[in-house]
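Take a moment with the sequence and the 3D structure below. The report then walks through its parts.

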Amino acid sequence: MTSPEDYMLPCINKKILGFECMGCGGQRALSLLYHGEFIAAFKMYPAIYPLILLFLFIGLNFFFKFKNGSRIISILAIISIVMIITNFTLKLIN
């Protein structure tokens with residue numbers, strides 16, 4: 001029986017340069033979410049939840065055109081970027 005982990009792409013950055021990229025952990029976090037392990041997904045890639053909210057809101061805004069949609073998208077994008085950069089920096093330090 002196959003699982004989602006069997007189809008995960010390797011990190012080219014990690015293979016070539018020897019250190020993780022800013023997206024490393026995202027696939028595994030999605031897999032953990034798929035299996036219902038919400039805390040483990042956050043520990044694996046903390047930006048997973050703001051990114052999911054961002055993409056969900058972009059999709060909803062495409063169909064429903066919320067009044068402050070662009071502002072909400074900008075705020076969610078900034079939160080996601082800050083979390084991605086913070087997580088990446090902490091990985092480099094440790």
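Which residue forms a salt bridge with K14? The partner is E20, and the closest N and O atoms of the pair are 3.3 Å apart.

## About the model

This is a predicted model: local features need pLDDT of at least 70, side-chain atom pairs count only at pLDDT 80 or more, and totals for chains, interfaces and linings use all residues. Residues are numbered from 1 along each chain as its sequence is written, and side-chain values use heavy atoms, with hydrogens and water left out.

## A network of charges

Side chains of opposite charge can pair when their charged atoms come close. Here a salt bridge is a side-chain nitrogen of Lys or Arg within 4 Å of a carboxyl oxygen of Asp or Glu. By this rule the count is two salt bridges.

E20 also forms a salt bridge with K91. Their closest N and O atoms are 3.1 Å apart. This pair links distant parts of the chain, 71 residues apart: E20 sits in the loop between α1 (12–17) and α2 (26–34), and K91 in helix α5. Helices are DSSP runs (H or I, at least four residues), numbered from the N terminus. Shared partners join K14, E20 and K91 into one network.

How open are these residues? Buried means under 20% relative accessible area, exposed over 50%, and partly exposed in between (1.4 Å probe, protein chains only). E20 has 23%, so it is partly exposed. K14 has 42% and counts as partly exposed. K91 has 30% and counts as partly exposed too.

## A nonpolar patch and a loop

L56, L60, F62, F63, F64 and F66 form a nonpolar patch on the surface. Together they have about 700 Å² of accessible area. Such areas come from the Shrake-Rupley method with a 1.4 Å probe; for residues, only the protein chains shown count as cover. Patches are made of residues with over 30% relative accessible area and no salt bridge; like charges are joined within 9 Å, and nonpolar side chains (Val, Leu, Ile, Met, Phe, Trp, Tyr) within 5 Å.

F63 lies in helix α4 (residues 48–64). Its relative accessibility is 65%, so F63 counts as exposed. K65 is in the loop between α4 and α5. K65 is exposed, at 60% relative accessible area. Its phi is near 50 degrees, a positive value in a residue other than glycine.

## The largest pocket

A pocket is an open set of points on a 1 Å grid over the protein atoms alone, where a 1.4 Å probe fits, with protein on both sides within 12 Å along at least five of seven lines; lining residues have an atom within 4 Å of a point. The largest pocket has a volume of about 190 Å³. Of its 13 lining residues, the closest to the centre are L9, C11, C24, G25 and R28.

Helix α2 gives the largest share of the lining, three residues. By type, the lining divides into six nonpolar, four polar and three charged residues. In this count Ala, Val, Leu, Ile, Met, Phe, Trp, Tyr, Cys and Pro are nonpolar, Asp, Glu, Lys and Arg are charged, and the others, Gly among them, are polar.

## Contacts along the chain

T86 is in helix α5 (residues 69–93). T86 is partly exposed, at 39% relative accessibility.

A40 is in helix α3 (residues 38–44). A40 is partly exposed, with 30% relative accessible area. Its C-alpha atom is separated by 7.5 Å from that of A29, eleven residues apart along the chain.

Conventions
Helices (H or I, at least four residues) and strands (E, at least two) are DSSP runs, numbered from the N terminus. Grid points are joined across faces, edges and corners, and a volume is the space filled by probe spheres set on the points.
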